[in-house]
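This report looks at charged pairs and at nonpolar packing in one protein model. Please read it with the sequence and the structure side by side.

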Amino acid sequence: MKTILVSAFALMAGSALAQEQVLNIYNWSDYIAEDTIAKFEAETGIKVNYDVYDSNEVLEAKMLAGNSGYDIVVPTSDFLRRQIAAGVYQPLDKSKLPNLKHMDAALMEKASAYDEDNTHSVIYMWGTTGFGINTNAVAERLGEDAPTDSWALIFEPDNLSKLQDCGVSLLDAPTEMLPAAMNYLGLDPRSTAREDFEAGAAKIESVRDYIRYFHSSQYISDLANGDTCVAVGWSGDVFQAQARADEADNGVEIEYVIPKEGALQWFDMMAIPTDAPNPDAAHAFINFVMDPQITADITNYVWYANGNAASMELVDAEITGDPAIFPDDATKQNLWPAAVYDSRTDRVVTRLWTKVKTGQ
């Protein structure tokens with residue numbers, strides 16, 4: 001009997017150990033190098049379950065509900081801040097993150113505006129929200145003098161009506177689309193005044209009939225395939241579409257634009273939920289991603305800027321030298337940080353966005 005009990009306990013311990021060696025990650029779609037997970041699994045022996053989402057709202061719903069089962073999630077900085085206030089994330093054990101030494105101090109300082117002292121999070125990637133265009137299709141419809149450097153291309157009916165046939169999409173992201181419209185109108189994109197949101201919503205409604213769809217990931221393949229010609233989107237996503245079109249050699253030429261009026265600068269942050277099943281493995285993965293070569297591999301694949309200073313010499317020169325990915329100082333002056341909304345403002349934004357999308 002004693003031998004049987006010892007064997008049973010050994011089996012239970014082995015099962016518990018196996019359980020600990022599973023890491024559940026929830027990240028944005030199309031946002032990691034093809035071999036990152038395989039390399040981590042080979043180096044650590046930890047099995048990774050990797051799920052994806054395409055909006056902060058989807059992630060936030062899971063986080064606020066609790067018991068998500070995830071060990072690492074990647075919220076955008078403004079959503080991160082209010083989720084921290086709700087007790088969603090645990091403080092990082094920085095003694096388990098020696099690769100923090102590679103991070104860009106200036107960018108981490110900017111990110112600390114959303115997470116004091118970077119207590120709960122580390123920069124995964126960062127970028128801007130502008131738009132991608134099929135240069136030939138737009139020129140055919142609007143001529144060589146088309147305002148491709150301006151939000152006017154998106155928010156003026158005279159322009160968008162001429163692009164309707166080749167397909168225009170907007171992000172299904174009210175906290176990004178409404179401020180962009182507000183900024184174009186000369187309003188503060190970080191305003192939380194109801195009348196400013198209403199003005200932004202009205203501007204988007206003025207072009208609603210010419211928009212094919214609102215979606216936050218479909219536009220990558222559609223731009224690449226020539227199924228759409230204009231898409232408001234995230235910088236790296238548009239560059240991925242560009243790379244896919246180049247690889248397919250299908251004649252589609254795509255350009256990413258940071259509009260001259262300015263654009264949102266955001267940070268996507270790796271964080272560990274308070275109820276994460278395996279926080280030790282989560283720390284191991286975050287530290288792994290901060291290895292300069294791993295960070296560079298991800299940037300080279302997804303074409304998003306990163307916050308790892310030591311990785312820069314390993315990133316393709318075509319990427320580091322592109323001001324649409326790593327903006328120059330003049331462009332940076334027109335970038336704005338995201339505002340953090342309280343629950344009352346959230347309700348206003350959600351209602352207005354529903355009306356924008358449905359027309360009701």
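## Salt bridges and core

Lysine 355 has a relative accessible area of 38%, so this residue counts as partly exposed. The model discussed here is predicted. Glutamate 205 is also partly exposed, at 29% relative accessibility. These two residues form a salt bridge, with 2.9 Å between the closest N and O atoms. Because lysine 355 belongs to helix α17 (residues 343-358) and glutamate 205 to helix α10 (residues 194-205), the bridge ties together parts that lie 150 residues apart in sequence.

Lysine 96 takes part in a salt bridge with aspartate 280 and in another with aspartate 93. The bridge to aspartate 280 joins distant parts of the chain, 184 residues apart: aspartate 280 is in helix α13 (residues 279-289), while lysine 96 sits in the loop between α4 (77-85) and α5 (105-111). Lysine 96 is partly exposed, with a relative accessible area of 35%. Aspartate 280 is partly exposed at 49%, and aspartate 93 is partly exposed at 30%.

| Salt bridge | N to O distance |
|---|---|
| Aspartate 93 and lysine 96 | 4.0 Å |
| Aspartate 280 and lysine 96 | 2.6 Å |
| Lysine 355 and glutamate 205 | 2.9 Å |

The structure holds 13 salt bridges. Some share partners, and in this way Asp35, Lys39 and Asp297 are joined into one network.

Nonpolar side chains tend to be buried together in soluble globular proteins. In this model the largest nonpolar core has 119 residues, and Leu23 and Leu163 touch the most other members. Beyond its neighbours within four places in sequence, leucine 23 contacts residues including Phe40, Ile46, Val48, Ile72, Ala281 and Phe285.

How values were computed:
Residues numbered from 1 in each chain as written. Predicted model: local features only at pLDDT ≥ 70, side-chain atom pairs only at ≥ 80, totals over all residues. Heavy atoms only, no water. Core = buried A, V, L, I, M, F, W, Y, C linked by side-chain atoms within 4.5 Å. Buried < 20%, exposed > 50% of the residue type's maximum accessible area, 1.4 Å probe, protein only. Contact = heavy atoms within 4.5 Å. Salt bridge = Lys/Arg side-chain N within 4 Å of Asp/Glu carboxyl O. Helix = DSSP H or I, 4+ residues; strand = E, 2+ residues; numbered from the N terminus.
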